[in-house]
Amino acid sequence: MPSSLPPVYRQAPFAEDCAPRRVLRLFSGKWTTMILHTLHLLGDASRPGQLQRSVSGLSKKMMTQTLRELEQAGLVSRHVQQIMPPSVEYRLTPAGLIFIEPIEMLTTGATDHAAELDALTAKQASGACAAEDDPAQMHKPKI
């Protein structure tokens, strides 16, 4: 299958400011992709309570911190309705909507290859257990 990648991204080394590294840094937070994906699924906007209920395991503190980071990055905007009590809603910005595509691709790939992902996860878990059981493994550097 022919690649649509520009020639500059077909061989290493990759510059510190190259597009692939920048997008990976953008998505590096534990909850970043889940919050963006969930906002997209909720119609590109959500109130904080609805968003938190939609992402299993997301604490209020981490949701708030991640939303602030996403707002600072320009992927999410915060809208406060001046009613009593005030109502807050988070929305994907135009830039946030652009970066939904790679998240959707990642989600589709993970879904399409769930069995392989399960096998990798099991292998990682058994490797971690083996390292915990073997004191000699405890001092080896992880690569």
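Predicted model: local features only at pLDDT ≥ 70, side-chain atom pairs only at ≥ 80, totals over all residues.
Two strands are taken to pair if DSSP finds at least two bridges between them. Three strands form an open sheet in the order S1-S3-S2, and their pairing is antiparallel. Strand S1 (45–46) and strand S2 (76–81) are the edge strands, each of which pairs on one side only. In general, the strands of a sheet pair through backbone hydrogen bonds, in either a parallel or an antiparallel sense.

The two pairings may be taken in turn. Between S1 and strand S3 (residues 87–92), the antiparallel pairing runs over two bridges. Ala45 has Arg91 in S3 as its bridge partner, and Ser46 stands opposite Tyr90 in S3. On the pairing of S2 with S3, the antiparallel arrangement extends over six bridges. Here His79 stands opposite Glu89 in S3.

Helix H2 (residues 32–41) lies across S1, S2 and S3, and runs at about 100° to S3. How far is H2 enclosed by the rest of the structure? Seven of its 10 residues are buried, and H2 is therefore largely enclosed. For this step, buried means under 20% relative accessible area. The buried residues of H2 are Thr32, Thr33, Ile35, Leu36, His37, Thr38 and Leu39. Just after H2, Gly43 adopts a positive phi of about 95°.

A further contact concerns aromatic side chains. A pair of aromatic rings is described by the distance of the centres and the angle of the planes. Rings count as a pair if their centres lie within 6.5 Å, and planes over 60 degrees apart count as edge-to-face. By this rule there is one aromatic pair. Phe27 and Phe99 form this edge-to-face pair, with 6.3 Å from centre to centre and 80° between the planes. Phe27 lies in the loop between helix H1 (19–26) and H2, whereas Phe99 lies in the loop between helix H5 (94–98) and helix H6 (100–112), so the pair ties together parts that are 72 residues apart in sequence.

Definitions and conventions: Residues numbered from 1 in each chain as written. Heavy atoms only, no water. Helix = DSSP H or I, 4+ residues; strand = E, 2+ residues; numbered from the N terminus. Contact = heavy atoms within 4.5 Å. Axes fitted to C-alpha atoms, helices over the stretch in contact; angles between N-to-C directions. Buried < 20%, exposed > 50% of the residue type's maximum accessible area, 1.4 Å probe, protein only. Phe/Tyr/Trp six-rings, centres within 6.5 Å; stacked < 30°, edge-to-face > 60°.
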